[in-house]
Amino acid sequence: SVLDDDRIAVAERSVQDLLGLDSLAGLSFLDVGCGSGLFSLAAMRLGAARVHSLDYDPQSVACAATLRERYFPDAANWTTARGDALDVAGLAALGQWDVVYSWGVLHHTGDMWTALGNVIEVVKPSGLLAISIYNDQRSRSHFWRRVKRLYNQGALQRWLVMAVFIPYFVVRSAIVDLLRGQNPVAQYRDYRKRRGMSRAHDWLDWLGGYPFEVARPEEIFNFYRRRGFALREMTTVGGSLGCNQFVFVRKETP
């Protein structure tokens with residue numbers, strides 16, 4: 001309901017910037033953990049030859065299907081389905097893809113390292129794997145895991161967590177902006193310009209995102225290097241709790 005042309009354009013630029021490609025013309029695009037389907041839509045608009053939107057959550061699949069019907073009603077090359085990154089057979093049935101995109105998803109499966117390994121076989125040789133994984137902040141990560149677990153224990157706990165942390169997020173951000181001499185309101189407008197998403201929705205996603213696993217950048221790098229991938233791009237969040245982004249290329253087999 002909040003989707004508009006500006007958000008879609010930002011999502012397109014996000015995909016282009018992450019992958020280092022101006023166009024996806026002729027490429028197949030597998031969106032593992034598609035969520036709303038926004039980035040599947042971006043891939044279609046960037047000319048992808050084939051797009052498949054996969055998510056464990058039926059409501060997300062339904063949302064992605066709605067976007068397909070709204071923007072590409074006659075496109076047989078965009079499909080949506082419920083699936084599981086932990087289902088090896090289900091992933092294998094999808095075949096191999098030029099671009100496998102999974103932004104901020106695999107750390108919520110409950111078995112992150114298995115999921116990270118499972119997506120390997122759906123990447124074509126010379127294909128791209130684009131993922132983002134929560135940064136390991138040690139004690140801070142343990143703290144947030146407990147908060148997220150509490151949030152998911154019931155309605156009362158959920159409202160309690162929201163009542164504590166949403167004001168905390170708002171006040172903390174405002175204080176930081178004021179100390180920097182910036183307009184506290186501008187961050188909400190600018191946030192959607194980066195990925196086409198809502199700051200408020202992302203706060204709720206953060207609080208409710210459980211299971212919750214994390215990894216240091218070098219752990220992800222070494223995991224895929226040992227499995228025949230070369231790092232193409234990496235963007236880390238330094239000392240923050242956000243997601244480190246990676247784009248790997250699957251090496252051709254000898």
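First, the basis. The model is predicted, so local features need pLDDT of at least 70 and side-chain atom pairs count only at pLDDT 80 or more, while totals for chains, interfaces and linings use all residues. Residues are numbered from 1 along each chain as its sequence is written, and side-chain values use heavy atoms, with hydrogens and water left out.

Rings of Phe, Tyr and Trp (its six-membered ring) pair if their centres lie within 6.5 Å; planes under 30 degrees apart are stacked, over 60 edge-to-face, and the rest tilted.

Take Tyr 168 and Phe 169. Their ring centres are 5.7 Å apart and their planes lie at 50°, so this pair is tilted. Tyr 168 is partly exposed, at 38% relative accessibility, and Phe 169 is buried, at 3%. Buried means under 20% relative accessible area, exposed over 50%, and partly exposed in between, with a 1.4 Å probe and protein chains only.

Next, Phe 246 and Phe 248. This pair is stacked, with 5.9 Å between centres and 10° between planes. Phe 246 is buried at 0%, and Phe 248 is buried at 0%.

Ring pairs also build a cluster, with Tyr 168, Phe 169, Trp 144 and Trp 206 among its members.

Trp 206 brings me to charges. Lys 148 lies over its face, 3.7 Å from the ring centre. The criterion is NZ of Lys or CZ of Arg within 6 Å of the ring centre and within 35 degrees of the ring normal.
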